[in-house]
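This briefing goes through one protein chain, from its overall make-up down to two of its residues. Please look at the structure first.

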Amino acid sequence: MRTRDLCNAIHAVNEGDAILTPRVTGEVIRRGIPKVAGDSEARALRERFATLGDRELQVASLVAEGLSNAEIAERLTIQPDSAKKAVARVMGKLGVSERVKVAVMWYRAGM
């Protein structure tokens, strides 16, 4: 592992990410999770996403893309700490404890 990769991993963990970079996690999800759940499950998941505000929905979509908190902050032109709080808020409203679960739900809902 290169020093830069190690530093990136440390920063990712500090930001609440898994050791796998968010981008790698996103790719794992895209390759390993069926895109859409059955009708009733997908509908139930979409109803859970409907509880999010517009900005929170945008954050959820960026999490599903595999973006890190820093990348979300850059994309939304907000502070990294604000992105971290927004991701935590989305996870709380959806009732999940890991950002990868947000991504799984997103894809299973057919979003």
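What pattern does the chain follow, read along the sequence? The pattern is α-α-α-α-α-α-α, and the secondary structure comes to seven helices and zero strands. The model is predicted, so local features need pLDDT of at least 70 and side-chain atom pairs count only at pLDDT 80 or more, while totals for chains, interfaces and linings use all residues. Residues are numbered from 1 along each chain as its sequence is written, and side-chain values use heavy atoms, with hydrogens and water left out.

**The chain overall**

- Helices (H or I, at least four residues) and strands (E, at least two) are DSSP runs, numbered from the N terminus.
- Of the 111 residues in the chain, 37% are buried, where buried means under 20% relative accessible area (1.4 Å probe, protein chains only).
- The chain exposes about 6700 Å², and carbon and sulfur atoms supply 55% of that area; accessible areas come from the Shrake-Rupley method with a 1.4 Å probe.
- Among contacts (heavy atoms within 4.5 Å) with a separation of 6 or more, 70% come from residues 24 or more positions apart.

- Asn69 lies in helix 5, which covers residues 69–76.
- Asn69 is buried, with a relative accessible area of 2%.
- The side chain of Asn69 makes a polar contact with the side chain of Arg99 at 2.7 Å; a polar contact is a pair of N or O atoms within 3.5 Å, and within protein one must be able to donate a hydrogen and the other to accept it, with residues adjacent in sequence counting only if both atoms are side-chain atoms.
- Two packed helices are described by the angle between their axes and the distance between the axes.
- The axes of helix 5 and helix 6 (residues 80–94) come within 8 Å and cross at roughly 110°; axes are lines fitted to C-alpha atoms, for helices over the stretch in contact, and angles run from 0 to 180 degrees between N-to-C directions.
- That angle makes helix 5 roughly perpendicular to helix 6, a term for angles of 65 to 115 degrees.
- Asn69, Ile72 and Ala73 in helix 5 meet Pro80, Ala83, Lys84 and Val87 in helix 6.

**Trp106 in helix 7**

- Trp106 lies in helix 7 (residues 99–108) and is buried, with a relative accessible area of 11%.
- Leaving out residues up to four places away in sequence, Trp106 touches Phe49, Leu57, Ala60, Ser61, Ala64 and Met111.
- Trp106 and Phe49 are 57 residues apart in sequence, and 8.2 Å apart in space, C-alpha to C-alpha.

Note on methods. Buried < 20%, exposed > 50% of the residue type's maximum accessible area, 1.4 Å probe, protein only. Parallel < 35°, antiparallel > 145°, perpendicular 65-115°, else oblique.
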